[in-house]
Amino acid sequence: MNLAKNLRKYFRRRFRVKEKRGKIFMIKLESRKNVRLLGIFLLIVAFTFLTGIATAVSPAELSIMIKGGRGGGWIDILQEDLNEFENKMAEKGTPVKIELNNYEGKNEPYITKLALMLNSGTAPDVLYVESGIGADFMRANYFYPLDNFIEKWQPWEETFDMFKKAMSWAGHAYMIPIQSCSIVIYYRKDLFEKAGLDTKWQPTSWDEIISAAEKIKAELPGVIPLLYTGGPEAGEQVTFSRFLPLLHAAGGALYDEGKNKWLVTSEPLLETFKFYEEITKKELINPQIAIDADADQIAAKIFSEGKGAINQFGSWAYEIFWGPGAPYEIPNRDDVVGYAKIPAKSPGASFRGQDFVNQSGGWNYAIAHNSKNPELAWELIEFLSETERQAGYNAIKGNVATRKDVIMTDLYQQGEFLAEVSAWLEYTYMTPYINPGYTGAPRDNLQRAIGRIIIGDWNAEQAMESFAKALENDLGSEKVLYTK
Amino acid sequence: MKFYFIGRLFIMNKKTIYFLIPSLVLLIIFIIFPLFWSVIIGFTNQSLRGETARHFQFIGIGNYLRMFKDSGFINSVKVSLLFIFFAITGQLIIGLLFANLVRIKGIKGKKFISSIFLIPWITPGLAAAFMWKSVFIWQYGWLNTLLSIVGIGKVNWLFSYPLFSILLVNWSRGMALTFLLIGTGLEAIPFHIYEAAKLDGVSPFQMLTYIKLPLIKYSILVALLVNTFGTLSAFEMIFGLTNGGPLGKTEVFAIFIYNKAFRDLSTGYAGALSFVLLLISLCIGIFYIRSIKVEN
């Protein structure tokens, strides 16, 4: 009341208002300054009014960011699905306009972009996030909690437990898994045949991998036997697809979940470094390709051209690199590309006493903490997670599904390769990939140590010692554990 | 004196300050505030991931102490020192050489030749990096093609000689400024000094060492100052060519800071590293400016 009174007094004094029977009778504008002020005031009122109207009649806006590469395939299907969602919402009477942002670059810059956007509160509503960095982002409270949404949500019930665990932090779920992978030892059957090796190959120990590679080297000069990579420039797959599964195969782990510490020295870690030392000394890999910034692309190309024999890599490569229309398409792929599980160092010697090991990561949907429409964002995620739709995405991208209902669809089962590698999820051990902090100093120092072995600077002992010291320096002595 | 002069302007004409405001605002937003902010976060454990992303804490000089135990930091300092030394030496020698060559009597097309030297300098760093990558590419680069023609064979330059490769690119771009500055200095030497020296029977080498170099010392110092700063903060060219690889062999300080900030997402640590780079640059700048003043 006082405010209104004071405003009236001010207004009367400023504009020399004359009142008659309590009503405003005349406004006397005596100076240019007053005219200007009044003009500005009227403009502000008009603008606010018009903006309000515009907001009231325009559809709600939602944005989604994905890392889809150069487009085509999945992106086109996703765009169609988003259009379908918009139509569905319009029919419901709650129109929504969705903006699809497709990031075309590599993984690491995408993660940096996501981190910067989330930190500054400018991230799109729905995000496509890798599981590895997702753990750190969950800890940073970058995502909207999904507990209320997934309660009694059937697709969540169908999700495998290991993925549920990877999507959660401190008892709350923050991400919805949409795709994963298995790690495969791909081999060229045609090269194996020429070298006199069995084309139906399933190694049961590391010795069998190395002896097959040595035979290739002896019989087929000019062919690179093994396509392992190393060094931080070569990217995430140095450790995710190659080193970590081998470490588990040797019976080791990088992270002690009970003690919450990084195991910086251990016998299995040393054995794994020795594997790299052995394949380097025997010249079974090409160091120049192995540490290149585009090592994975080069390795995929060499493999497609029949100049590389064995490539341990993700299951996605079968479609995305070598499938029909892919950049390094192998026309008779199903005839010449064989695939095998990663064996334990020797039968039963792996981390959980398994004969084989697997690594599975994946990509997931999350809602940004700064989203103005989290419920609407959830409706979109729900829509995109419908069983047949999800099966379509997984099939076209060659990605392993994270849900039982998706795996059981006819569409998914049509792909012989996908159906088989999906069964390898039983061997998967996701740690430390999903451990908070893994994608920083631990991974970086590990990649560096591997790279140094590959270029011949260090032997296995030196690599492990250097890795241990560097990680201790980066994280502090309370975060590391020496067990050797 | 300066302050008084500005003070008088301020008193005499307040409208002057209105014209300065836009530039001041931009300066504060894009230079001063980020500078102070990066110094401040250098004393925290801020990161773009994990618990310290949105709730970081003051950790004092923890980041600075970490540097001295960080093998990556020590490596980047070593690489930077090597790179700066060879870069500015090479730029100086090549710039001096060509500045003298184009002034030899009888050479035609001096202006055209001089403008050719400027092209690498005006080419943006990243564009230059990608162009040179096509030169150095192991299988298809034209340098290896030339070497194959003369029977030498292919070399993986970016793998086997990464530091030399980036020095080559740096020389091609950096020597242009030295060429210009030294050229200006040479043009300023009075002609009668050359004549007098010739009458005394000096050789070309003696002309260079006893006549030209002493008289263009100031130009050389200025060239060294500018080139040192440019090389100290060299980033886009190295980023485009090797990104600090292979395995840190070309990871100069600027690349190391970038990787810490945007690959490891450790912005607090990167802030501390940036401050160290700023202090080093200040020290070098003060040293050079004092040398130039003494020369004057």
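Biologist: Over which residues of chain B does pLDDT stay under 50?
Modeller: This is a predicted model, in which local features need pLDDT of at least 70, side-chain atom pairs count only at pLDDT 80 or more, and totals for chains, interfaces and linings use all residues. Residues are numbered from 1 along each chain as its sequence is written, and chains are lettered from A and ligands numbered from 1 in the order in which they are written. With pLDDT being the predictor's confidence in each residue, from 0 to 100, and a contact meaning C-beta atoms, placed from the backbone, within 7 Å, the stretch under 50 has three contacts beyond four places in sequence, and it covers residues 1-11 of chain B.

Biologist: Which element of chain B has the lowest mean pLDDT?
Modeller: The mean pLDDT of chain B is 87, with 95% of its residues at 70 or more. Helices (H or I, at least four residues) and strands (E, at least two) are DSSP runs, numbered from the N terminus. Among the elements of chain B, helix α14 (residues 253-263) has the highest mean, 93, whereas the lowest, 46, belongs to helix α1 (residues 2-12) of chain B.

Biologist: At which residue does α9(B) bend?
Modeller: Helix α9 (residues 162-187) of chain B reaches 37 Å from its first C-alpha to its last, close to the 38 Å expected at 1.5 Å a residue, where the expected span is 1.5 Å times one less than the number of residues. Taking the bend as the angle between axes fitted to the seven residues ending at a residue and the seven starting there, α9(B) bends by about 30 degrees at Gly174(B).

Biologist: Is Trp424(A) buried or exposed?
Modeller: Trp424(A) is found in the loop between α21 (416-422) and α22 of chain A, and its contacts, leaving aside neighbours within four places in sequence, are with Ser182(A), Lys341(A) and Asn358(A). A residue is buried if 20 or more other C-beta atoms, placed from the backbone, lie within 10 Å of its own, exposed if 12 or fewer, and partly exposed in between. Because Trp424(A) has 22 other C-beta atoms within 10 Å, this residue is buried.

Biologist: How many residues does the contact take from chain B?
Modeller: The predictor gives the complex an ipTM of 0.82 and a pTM of 0.84. On the side of chain A that touches chain B, the elements giving two or more residues are α4 (107-120), α5 (131-139), α22 (441-454) and α23 (460-475) of chain A. The contact takes 26 residues from chain A, and from chain B it takes 21 residues.

Methods:
Contact = placed C-beta atoms within 7 Å.
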